[in-house]
Amino acid sequence: MRIVYSWLKEFLPDAPIPERLEELLAGLGHETESIERLAAPHPRVVFARVLSVEEIPGAEVKKLLLDAGREVQVVSGAPNAKAGIGVALALPKAVLPGGLELSVRTIQGLESYGMALSPKELAVGEYAGGLMEFPPDALPPGTPLAEAWPEDWVIEIEITPNRPDVLSVYGAARDLAALGMTLLSPDPRPKTHQIPLPFQVWIEDPQGCDRFTLSYAQNIKNRPSPLAVQRRLYAAGMRPISAVVDATNYTMLELGNPLHAYDARFIAAGIVVRRARPGEKLVTLDGVERLFDPKDLLITVKDGEETIPEGIAGVMGGARSEVREDTTAVALEVAHFDPVSIRKTAKRQGLKTEASYRFERGVDPDGQVRSALRFMELVQQWTGAEVAEDRIDLNYTQPLTPVAFRPSYANRLIGADFPPQAQLDALKRLGFRVEGQGEPYPVTRPTYRVDIAIEEDLVEEVARTIGYEKIPLALPAFFPAPDNAGVDEPYRAKERLKGVIAGLGFQEVVNYSWTSLEEVELYRAPTPTLALANPQAADRTHLRTAIYPGLLRTLALNLAQGEEGPFLLFEIGNVFNQVETTRLGVLLSGEVVPGLWQPGLGGGFYALKGLLESAATSLGATLRVEKAGFSHLHPGISGAVYWNGKKVGCIGQLHPAIAAQAELPPVYLAELELPLPQSKTRFKDVAKYPASLRDLAVVVPEAVAYSEVERIIRESAGAYLEDLRIFDVYRGAPLEPGQKSLAFHLRFRHEERTLTDLETDGFMQQVIAAIERAGYAIRK
């Protein structure tokens with residue numbers, strides 16, 4: 001929110017200097033992002049009136065004759081240059097904000113004694129497509145513009161989503177006034193006339209629109225708004241258009257309620273607020289034809305038995321009824337709409353406007369009449385409009401429910417000892433109505449404080465108004481509720497996993513949760529199930545279904561920038577298939593540790609598998625890999641990952657066809673579903689008795705997986721098998737082709753005594769018998 005300092009001072013006359021305001025706003029919870037100085041225009045920039053405009057044959061520029069206290073000729077290419085308007089004229093020797101000093105120049109054979117300026121050349125806005133237009137009688141010709149535009153400041157503050165009441169100049173002044181400053185409340189009083197209203201209003205959906213006012217003004221002479229108003233609008237981030245349109249924006253920025261003015265010629269019998277019907281369309285003010293969803297709330301015009309869409313409620317009006325230069329009568333809408341409905345409609349239509357931004361957060365449902373009166377007051381001052389005394393006001397808003405407030409509870413929660421009366425006075429200064437003679441006090445919020453719902457909200461108001469700096473520094477006692485015990489364990493488990501993976505040399509990356517159908521097809525990821533209604537870019541159209549495409553994208557980007565690797569990357573993030581889940585993705589490309597004067601540690605499938613096994617060991621878990629196929633992995637170098645005996649994901653080399661198409665080197669990937677299965681860690685004392693060791697080599701067909709042989713040995717070895725490890729895989733003579741030998745270390749141990757050789761041999765005979773029953777041989 002950009003607040004013009006001089007504008008704020010109109011409501012807060014004893015406001016301190018901007019630098020002090022920054023401190024006060026911070027104490028109230030509003031962070032100041034910047035304080036910008038608005039310099040006064042150079043003394044040689046004056047107000048001038050255009051007397052005549054003459055086209056120059058064969059040229060894109062025009063000759064302008066200006067009244068600047070004396071007749072001045074300038075040459076300009078501005079398309080909006082026309083007789084009768086007021087402009088800012090930079091005379092020779094004027095220095096523009098960019099440092100350019102003007103002089104008399106010859107353009108197309110004509111001498112130009114200065115320059116008629118655009119908003120950008122005046123440094124008040126970014127618009128450079130034409131002259132900045134002023135009313136022709138704004139100032140006496142030749143008056144330095146600095147007299148109307150003295151030095152000023154713009155304070156830009158960050159407004160949190162729960163404080164829409166501060167999205168206006170008066171709202172900020174009202175909050176600051178709670179610190180003890182004098183607040184001048186607006187009291188607009190336009191001169192009204194007994195003019196019959198030429199329209200009616202009907203609300204078909206009071207839940208979507210619980211307040212709707214429609215006011216009327218006629219005999220309008222629409223023209224540019226005053227100089228001071230234009231400067232404030234530009235400083236606040238809005239471009240002036242005309243007096244009527246500027247009055248809607250000026251009032252919204254000043255008081256907080258969005259307004260919309262319709263050219264009364266197009267209102268017909270009146271306005272109907274209703275939901276859209278299937279197939280209805282409307283060309284909005286931005287020139288885009290929009291197709292509506294039946295959930296969209298519309299402003300429609302009643303024409304006979306028909307109701308024709310004329311605007312998207314709370315978002316944007318239609319192009320047909322926009323205010324034009326020849327508009328002489330307006331119907332002014334100031335309404336209150338359901339925030340959730342406005343947000344959903346704005347998202348569906350891909351629109352973000354100043355009005356929707358405010359309605360989504362919640363505007364004052366009781367500020368419509370004051371805003372309408374302020375608009376009419378401005379339009380009357382600027383255009384000479386006649387304002388109708390009557391207005392339509394359909395009000396379906398519900399009465400506010402008081403919140404019970406206990407000063408003693410506030411002190412316990414804050415950890416302070418604020419007097420009860422000081423707390424109640426702080427709430428009253430903020431506009432709250434306090435009743436009762438003792439705890440609990442019924443406190444009713446002002447209608448503009450839509451964020452207040454529970455007692456803790458009132459406690460926060462007390463703390464920030466009395467002053468956070470007055471809260472003692474001692475830490476309050478904290479006793480977690482039993483229901484909260486262990487709620488942070490999933491987070492802690494994820495952080496432990498990150499620490500272990502990073503400790504193995506992997507670097508964490510964070511990718512967007514979005515992907516595109518092209519990327520999904522390239523990397524053979526699961527088909528997305530959720531598409532974004534308003535994607536940020538062509539490559540971010542769907543929510544991702546796997547982690548590894550983002551890791552591959554990161555790898556490709558680093559390779560394109562000339563990085564040589566090795567690359568050890570990991571990411572923990574959410575994926576969106578039928579349900580939202582969290583996964584760990586790991587990527588290895590190149591050597592794990594490059595060699596220097598000694599050999600390094602190579603990369604490849606077994607390097608990645610070994611690193612994951614090390615991670616599992618560090619976390620007190622077991623990990624094994626069983627051969628399995630996955631569409632994005634090499635058919636011969638891939639497997640399913642089992643963590644503590646449960647299948648959690650996959651590991652393998654990126655499919656060669658994908659690597660070739662994406663122009664990637666050999667890449668090895670793993671992706672695991674989180675949370676990983678936990679195993680209960682129990683204390684195990686140092687063994688008191690020695691182990692009995694045996695080796696065994698099993699001959700099996702090449703297609704038999706290691707896990708199959710491991711299962712047979714574990715199931716048949718008995719309860720005293722303490723450890724089983726493979727230490728050799730052999731192929732070749734004297735084995736027959738298609739055979740391989742798997743050699744194992746077996747360790748047996750009894751916890752209460754030493755096993756005899758006879759007992760251990762018996763266990764081995766059980767294992768050998770089981771292997772032979774399975775059809776495999778023992779290598780002699």
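User: Where does Glu-752 lie?
Analyst: Glu-752 is in the loop between β38 and α18. Helices (H or I, at least four residues) and strands (E, at least two) are DSSP runs, numbered from the N terminus. Before we go on: this is a predicted model, where local features need pLDDT of at least 70 and side-chain atom pairs count only at pLDDT 80 or more, while totals for chains, interfaces and linings use all residues. Residues are numbered from 1 along each chain as its sequence is written, and side-chain values use heavy atoms, with hydrogens and water left out.

User: Is Glu-752 buried or exposed?
Analyst: Glu-752 counts as exposed, because its relative accessibility is 64%. The cut-offs are under 20% relative accessible area for buried, over 50% for exposed and partly exposed in between, with a 1.4 Å probe and protein chains only.

User: And what separates Glu-752 from Val-500?
Analyst: Their C-alpha atoms are 36 Å apart, and along the chain the two are separated by 252 residues.

User: Switching to charges. How many salt bridges does the structure hold?
Analyst: There are 55, counting a side-chain nitrogen of Lys or Arg within 4 Å of a carboxyl oxygen of Asp or Glu. One of them pairs Arg-232 with Glu-10, with 2.8 Å between the closest N and O atoms.

User: What does that pair tie together?
Analyst: Arg-232 sits in helix α4 (residues 227-235) and Glu-10 in helix α1 (residues 5-11), so the bridge joins parts that are 222 residues apart in sequence. Arg-232 counts as buried, at 12% relative accessibility, whereas Glu-10 is partly exposed at 38%.

User: Which residue does Lys-63 bridge to?
Analyst: Glu-54, with the closest N and O atoms 3.2 Å apart. Lys-63 is partly exposed at 24% relative accessibility, and Glu-54 is partly exposed at 44%.

User: Which residues are linked in a network of salt bridges?
Analyst: Arg-163, Asp-165, Asp-175, Arg-449, Asp-451, Glu-461 and Arg-464 are linked that way.

User: At what angle do α10 and α11 cross?
Analyst: Helix α10 (residues 420-429) and helix α11 (residues 455-466) cross at roughly 90°, with their axes coming within 9 Å. That's why α10 counts as roughly perpendicular to α11. The axes are lines fitted to C-alpha atoms, for helices over the stretch in contact, and angles run from 0 to 180 degrees between N-to-C directions. Under 35 degrees is roughly parallel, over 145 roughly antiparallel, 65 to 115 roughly perpendicular, and the rest oblique.

User: Back to α4 then. How do α4 and α5 cross?
Analyst: Roughly at 60°, with the axes of α4 and helix α5 (residues 243-255) coming within 11 Å, so α4 and α5 are oblique to each other. α4 passes α5 in a left-handed crossing. A crossing is left-handed if the near helix is turned anticlockwise from the far one by less than a right angle, and right-handed if clockwise. The contact involves Val-229, Arg-232 and Leu-233 of α4, along with Asp-246, Asn-249, Tyr-250 and Leu-253 of α5.

User: Last one, α17: which of its residues are buried?
Analyst: In helix α17 (residues 706-716), the buried ones are Ser-707, Val-709, Glu-710, Ile-712, Ile-713 and Ser-716. Their cover includes β32 (623-627), β36 (692-701), β37 (721-730), β38 (739-748) and α18 (757-773). After α17 comes Gly-718, with a positive phi near 95°.

Conventions:
Contact = heavy atoms within 4.5 Å.
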